[in-house]
Amino acid sequence: MLDTEYLLCERVLFVDQLRIRGGLRVAGEISVHGAKNSSLPLLAATILGKSQSILHNCPRLSDVDAAVRILSYLGCPVERSGHTVWVDTSQLSHFDVPEELMREMRSSIVFLGAIAARLGKVKISFPGGCELGPRPIDLHLSSLRKLGLIIREDHGFLDCEVAGRLKGAVIPLSFPSVGATENILLAAATAEGVTQILNAAQEPEIADLADFLNACGAKISGAGKSTIFIEGVEELHGAEHEVIPDRIVSATYLCCAAATGGEILVRRACPETVAGVLPVLEQMGCRIYTGEKSIYLKAPERLKRIRTVRTMPYPGFPTDAQAPVMAAAALADGTSVFVENIFESRYKHVAELARMGADIKVEGKVAVVNGVKKLYGAGVEATDLRGGAALVVAGLAAEGETVVSQIQHIDRGYEQIEESLNSLGAHIQRVTEKAAEDQ
Ligand code: EPZ
C-alpha cells in the first residue's frame, strides 16, 4: 500500500510568478528603498558594537532576512518595525555560521571579518558559486591573513582564529573588490595599529559602512576613495544609522520608464551614486534632471542605441545595471554593445530576453544588442537578481503578457517590485502557481 501511495503521490510545490501586462507607460513618482548592498555589511558591522544598534531605511528583502537569521543564530536578537531594525549584539555567543545559512546568501562572507574582530575565532563554510559565475574570495582571505588572521581551509570550511587582536597592515588589492574592502574595514576597525587599503573599492556602500563604523567609534578616513586609512581602536559601541538609497533599484525604475516611453520622478534617491548610468540613458534619448534627492526622467518615443556600455568598478557604469539597461536597449533603434568586465557569466538573462524576441548575440564578455521594434510577452525565468529585473523591464514594454517565474531571485533585491511598479501605472500580478512535480 505504502509503495503505491508513494508512487502515486506528487510533491506539490507552490511557486510565485509575476504576470506582467505589457504596453503600459510607466509614469509617476516613486520613493526608492534603502540599499541592499549597504544593509548587508551594516548588519554584519553591528557585531562589533557589543551593544544595541539601530538601522533606519533598511529594506524589506529576502537577503536582509538571511542576514538577520545569521545574527539571530549568533545570539544577537533582532527586532524590526517597518524599515527600522534594532540589533543587540551584547550577548554574541557563537563564532560559527552554519553552512545552510552561509549558502542562503553569498555575501554572508562579510560576517567573516566582523566575527573575527569581535571573537578572534570564526568558522564558516566557503560560500558556493552563484548565478554570476564562480565567486572567489581569495582577496578576502589574503587581506585578512595580512591582518594576522590564521585561516585554515578544510573541506569547504574556513576555520579561522587569531591570538589576541588583529594587527594593522598595508593591504594593496589587486582588484577593488567591494566585499574584500568591507571585510578589511570590519576586521581592521578594532585591530592594533593602522591599516591602509590601497586600490580599495569606491562604491557608495563602502562610505556608508565607514560612516556607521565611525559613528560606533572607529577612526576611518578616505572611504569612497582608492586609499582608506583605518586607525584601530580598542572598542566600538552601537550606533544609529540611516541606510543610503539603493542606486541599482533607482537605475532599474529609470529603465522601466525609459523602456515604456514613460516619465518618472524617483524620490529619496542619491543622484550622484547613479552618475555612471544617467549619461547612458541620456545618450539613449532620455531627458534627465536631478535634484538633491531626486531623479527625473522623460523617455523619447523610441530609445536610441547606446554605442558601447562597459561595466567598471565605481564610479564607472555598474555591473548591476547592465541587465536592466540591456532590456531597454533591446527595443532601441540601432545596435548597442555591452562589455561585462566585472563578472564572468552575467548574461544569463539574454536567452530569456531572446524568448521575448530580443536580438542579442553574446561572445565572451561582449553582448551585441540589435534593437527590435517590438518585444512579445512570453513565459520567462529569472536566472539571478538583476537578470530577473531585466525581464520585468522587458515585460513592461512587450506586447502581450509576460509571466516571470523563479522570482525569488528578484525578491532578494527589490521590495515588492509589483506594488512599486503598479503605483506607476504598470499592471503586474504576483500569482502563486501549483507546480506539480513527480517523485
Ligand atoms: C558586490 O559583490 C555586490 N554585492 C554585487 O551586487 C556587485 O555586483 C559587486 O559588488 C560589484 O559592484 C553586495 O554588495 C552584497 P566584488 P562582491 O568583490 O563584493 C572578483 C547585486 O546584484 N573577486 O567587487 O562579491 C569577483 O569574482 C550584487 O546586488 C575575486 O576574484 O563583488 C568578481 O568577478 C551582484 N576575488 C569581481 O571580483 C575576491 O576575493 C567583483 O567582485 C573577490 C572578488
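Reply: One term to start with: buried means under 20% relative accessible area, exposed means over 50%, and partly exposed is in between (1.4 Å probe, protein chains only). Residues are numbered from 1 along each chain as its sequence is written, and side-chain values use heavy atoms, with hydrogens and water left out. This is a predicted model, where local features need pLDDT of at least 70 and side-chain atom pairs count only at pLDDT 80 or more, while totals for chains, interfaces and linings use all residues.

Searching the whole structure turns up 21 salt bridges (a side-chain nitrogen of Lys or Arg within 4 Å of a carboxyl oxygen of Asp or Glu). Take arginine 103 and glutamate 99, whose side chains come together at 3.1 Å, N to O. Both sit in helix α4 (residues 99–104), four residues apart, or about one turn of the helix; helices here are DSSP runs (H or I, at least four residues), strands are E runs of at least two, and numbering goes from the N terminus. Glutamate 99 is partly exposed, at 32% relative accessible area.

Next, glutamate 153 bridges to arginine 145, with the closest N and O atoms 3.3 Å apart. Glutamate 153 is partly exposed at 48%, and arginine 145 is partly exposed at 37%. Then there's arginine 152 with glutamate 161, at 3.3 Å from N to O. Arginine 152 has a relative accessible area of 43%, and glutamate 161 has 31%.

Some bridges join up: Asp16, Asp411, Glu418 and Arg430 form a linked network of them.

Now for the domains. An automatic or database assignment sets the bounds, giving domain 1 (14–25 + 304–434) and domain 2 (36–242). Where they meet, 20 residues of domain 1 are in contact with 18 of domain 2, contact being heavy atoms within 4.5 Å. Between these two domains the count is one salt bridge. The side chains of arginine 412 and aspartate 63 meet in a salt bridge too, at 2.9 Å from N to O. On the side of domain 1 that touches domain 2, the elements giving two or more residues are α13 (385–397) and α14 (408–411). The most comes from α14, with three residues. That side divides into six nonpolar, five polar and nine charged residues (Ala, Val, Leu, Ile, Met, Phe, Trp, Tyr, Cys and Pro count as nonpolar, Asp, Glu, Lys and Arg as charged, and the others, Gly among them, as polar).
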